[in-house]
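Here is a walk through one structure, from its sheet to its core to a single side chain. Keep the coordinates open as you read.

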Amino acid sequence: MHQRDGIRGPVRLILAVSVVAALATQLAACSDDSTPSGTASKAASAASKAASAVSEAATRAGDAVASATAEAGRKFDEFKGGVDAKSEVKTAGTASPDSDGRATVKVTATNPTSSAKSYVVQVDFRDQSGNLLDTTVVTVDDVAGGGSKDATARSNRSLTGDVKADVARAARH
């Protein structure tokens, strides 16, 4: 993870809370209690609730990515005797949403050896800024020697916006 990736989340959280607090102040000003202290109290309460909600959502999203990353690590640990094959695997690049809103992307493994091989591939889903949204592992079994075979990687949860997919790592055996 780049140092700037660790900064983006808190900066976005602060910006989101600031926007919500500004909106809460405007809404509170429209209430029946138009005294300055009543308006300020309502705005502070609304901003506090909004900050809690944003913080909780950010925590859940971070937990989901951490869980998916841990699961990817476990799957790679199960794949014994593999050699690095990242250069032999490509994604279509841009992910498409399926009917559940999960991101999907075609993964192609090209086997340069003379015998059939199987691949395990970790695919990372990222937003346009490069922030990690999710990660998953897909296997591509029995790729013929000198041949290619496709599989589909699917995110673990719904993702919105323009989502890019790339090969984080791949191994073959």
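The text below takes the sheet, then the core, then one arginine.

This is a predicted model, where local features need pLDDT of at least 70, side-chain atom pairs count only at pLDDT 80 or more, and totals for chains, interfaces and linings use all residues. Residues are numbered from 1 along each chain as its sequence is written, and side-chain values use heavy atoms, leaving out hydrogens and water.

Start with the sheet. It is open, with 4 strands in the order β1-β8-β5-β6 and antiparallel pairing. Strands here are DSSP runs of E, at least two residues, numbered from the N terminus. Two of them pair if DSSP finds at least two bridges between them. The edge strands, β1 (83–84) and β6 (132–143), each pair on one side only. Strands β5 (residues 117–126) and β8 (residues 164–172) run antiparallel and are joined by 8 bridges. Val120 has Ala171 in β8 as its bridge partner.

Now the core. A nonpolar core is a set of buried (under 20% relative accessible area, 1.4 Å probe, protein chains only) Ala, Val, Leu, Ile, Met, Phe, Trp, Tyr and Cys residues joined through side-chain atoms within 4.5 Å. The largest one has 22 residues; Val89, Tyr119, Val121, Val123 and Phe125 touch the most other members. At least two residues of this core come from each of β4 (102–110), β5, β6, β7 (148–158) and β8.

Finally, turn to Arg154 in strand β7.

Technical notes:
Buried < 20%, exposed > 50% of the residue type's maximum accessible area, 1.4 Å probe, protein only.
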